[in-house]
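Colleague: Please pick one part of this model and look at it closely. Then place it in the whole, and show me what else deserves a look.

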There are 2 protein chains.
Amino acid sequence: MKFRRSERLIDMTSYLLDHPRQLVPLTFFAERYSSAKSSISEDLAIVKETLEKQGIGTLQTVPGAAGGVKFFVKVSKEEAEPFVNELCKLIADPERLLPGGYLYLTDILGSPQVVQKAGRIIASAYSEKKIDVVMTIATKGIPLAYAVASQLNVPVVIVRRDSKVTEGPTVSINYVSGSAKRIQTMVLSKRSIKQGENVLIVDDFMKAGGTVMGMMNMLEEFDAQVAGIAVLVEAEKTEERLVDDYLSLVKLSDVDIKEKKINVQIGNYFDK
Amino acid sequence: MKFRRSERLIDMTSYLLDHPRQLVPLTFFAERYSSAKSSISEDLAIVKETLEKQGIGTLQTVPGAAGGVKFFVKVSKEEAEPFVNELCKLIADPERLLPGGYLYLTDILGSPQVVQKAGRIIASAYSEKKIDVVMTIATKGIPLAYAVASQLNVPVVIVRRDSKVTEGPTVSINYVSGSAKRIQTMVLSKRSIKQGENVLIVDDFMKAGGTVMGMMNMLEEFDAQVAGIAVLVEAEKTEERLVDDYLSLVKLSDVDIKEKKINVQIGNYFDK
């Protein structure tokens, strides 16, 4: 079955967006559309130009016999900034304040549209870095972790607070939650991370950073490296933060539970 | 800035795939590309034809002044079947057997590629039905629930085993897990479901169906309706199943823990 250029462009776009960071040989498309490689190359040039112009991402061409093309997500600042501003507005509602300075974010984290867009923006910062795995902790961080991982084409591993039969053998560590100063436990399935892997830690919310620190300690047990830390929302604290090198989309400050006051700004994402 | 047809087709494809079940007015595209509505209509006809031909989905045109176009995911049988067969093969590995007849699925559920494809296939069965919310239970069902919900353009609500401060006020019920016959508790944030909403229940694994039954009972407390039940894997049991109207991609039978034997087939998805 022969494909016209217009059909090829539509299917190619769908295919590439669906297979980020995967090398797709030109022959794959040439066979899929019964077209000459030269036509496929021309198509890809148009796709690349449009994805870049629209702030969606880019294509990288790998030359040679084993070559092909790879899509990388790269949300432009012009696309990302209005979204993050919108997110700040959503979060600034004082009705979200919960005891202990926490925020009700369940509705925001429950929206696949919001989570996917946030995931794409976070993934853009790591799309050309060496990341083997995205790690998060149950439960709230899971959707964002998948949204990031799907754009990086890597698996997600989920740290839990308790071990379950369906996890198989696990590694368990104790950590001190930074804000509550309580000793807690986290467990991770032994099969989930291999020695030497580069791990991106993703979570929804970070206060003092105790949980993130716990995940970093867990990675030591697996002889794996922290390749990055990214959170949707960070709460600015007067006390010392345990983690300093991280990315945040949104930053809370001046959380005053009594006065139901809450100050929300863009996080450090665009500073880096 | 003027857009050529080829550029419009690429950006339109990306935009529509990203906004399933959302009415996009023709004027939106006309302004985005500084193009005449008649050209946009021609573009959309090409996009529709290609998405259908490739088994990705379809476009529905809503005529009139308030009209526009909507993308619906519709993975064709030719696209879905090889994937589900591959999934069966992956799951058939007897090393996955865990005590109690459970299966180690963490690696499969940890792959965003697998989860997204499965989610798209499940969503295809409900894409033209009235669904307001996707509901799942922590932790393992969460990624699949998001994958389904993102294609249906609805929020996800997550039932938990324990209540957390970040959930706000919750509703709690007891239920009997069908296989272990143990009384357990599940809780759901009060703000999460509105009266009369149509809820699609999604989970990774179903044995006797006790957990799914629990979620159905929970929906009664919210005066909401069950619009469907979909699971990735069902385990065929000799004892009576508590739930009968559901969709499954994969079916386990003859699970013999002693002999490490496990029989895996395609679920009932393609029967319906």
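Modeller: I will start with the whole chain, go in to one stretch, and then come back out.

This is a predicted model, in which local features need pLDDT of at least 70, side-chain atom pairs count only at pLDDT 80 or more, and totals for chains, interfaces and linings use all residues; side-chain values use heavy atoms, with hydrogens and water left out. Residues are numbered from 1 along each chain as its sequence is written, while chains are lettered from A and ligands numbered from 1 in the order in which they are written.

Chain A first. Eight helices and ten strands make up its list of elements. The C-alpha trace spans about 65 × 45 × 30 Å along its principal axes. Chain A has 272 residues, and 58% of them count as buried. Buried means under 20% relative accessible area, exposed over 50%, and partly exposed in between, with a 1.4 Å probe and protein chains only.

Contacts in chain A reach across the sequence. Take those between residues at least 6 apart: 61% join residues at least 24 apart. A contact here is a pair of heavy atoms within 4.5 Å.

Strand β3 of chain A covers residues 133-137, and Met135(A) sits in it. Met135(A) is buried, at a relative accessible area of 0%. Tyr146(A) is eleven residues from Met135(A) in sequence, and their C-alpha atoms are 9.4 Å apart.

Next comes the loop between β3 and α7, which holds Thr139(A). The peptide bond joining Ala138(A) and Thr139(A) is cis, with omega about 5°. Chain B has a cis bond between Ala138(B) and Thr139(B), omega again about 5°. Thr139(B) lies in the loop between β3 (133-137) and α7 (142-152) of chain B.

Helix α7 of chain A runs over residues 142-152 and contains Gln151(A). Gln151(A) is buried, with 11% relative accessible area. Setting aside neighbours within four places, Gln151(A) contacts Pro20(A), Arg21(A), Phe71(A) and Val73(A), together with Arg120(A) and Ala123(A).

Some of those numbers fall within an annotated stretch. UniProt lists residues 4-72 of chain A, in an unreviewed entry, as "domain: Bacterial purine repressor N-terminal". Positions there are given in the numbering used here, feature names are shortened, and annotations may be inferred rather than shown by experiment.

In chain B, follow α7 to the loop between α7 and β4 (156-159), where Asn153(B) lies. Asn153(B) is not a glycine, yet its phi is positive, about 60°. Asn153(B) is partly exposed, at 26% relative accessibility.

Chain A has a positive phi of about 50° at Asp254(A), again not a glycine. Asp254(A) belongs to strand β9, residues 247-256. Its relative accessible area of 47% makes it partly exposed.

One more loop in chain B. Asp223(B) lies between α8 (210-221) and β8 (225-235). At 48% relative accessibility it is partly exposed. Beyond four places in sequence, Asp223(B) contacts Gln195(B) and Gly196(B). Asp43(B) is 180 residues away along the chain, and 44 Å separate the two C-alpha atoms.

Last, the two copies. A rotation of 180° with 0.0 Å of shift along its axis puts chain B on chain A, RMSD 0.0 Å. That is the relation of a two-fold axis. The same surface serves both copies, as 100% of the contact residues of chain B recur in chain A. The superposition is by least squares on the C-alpha atoms of residues with pLDDT of at least 70 in both.

How values were computed: Helix = DSSP H or I, 4+ residues; strand = E, 2+ residues; numbered from the N terminus.
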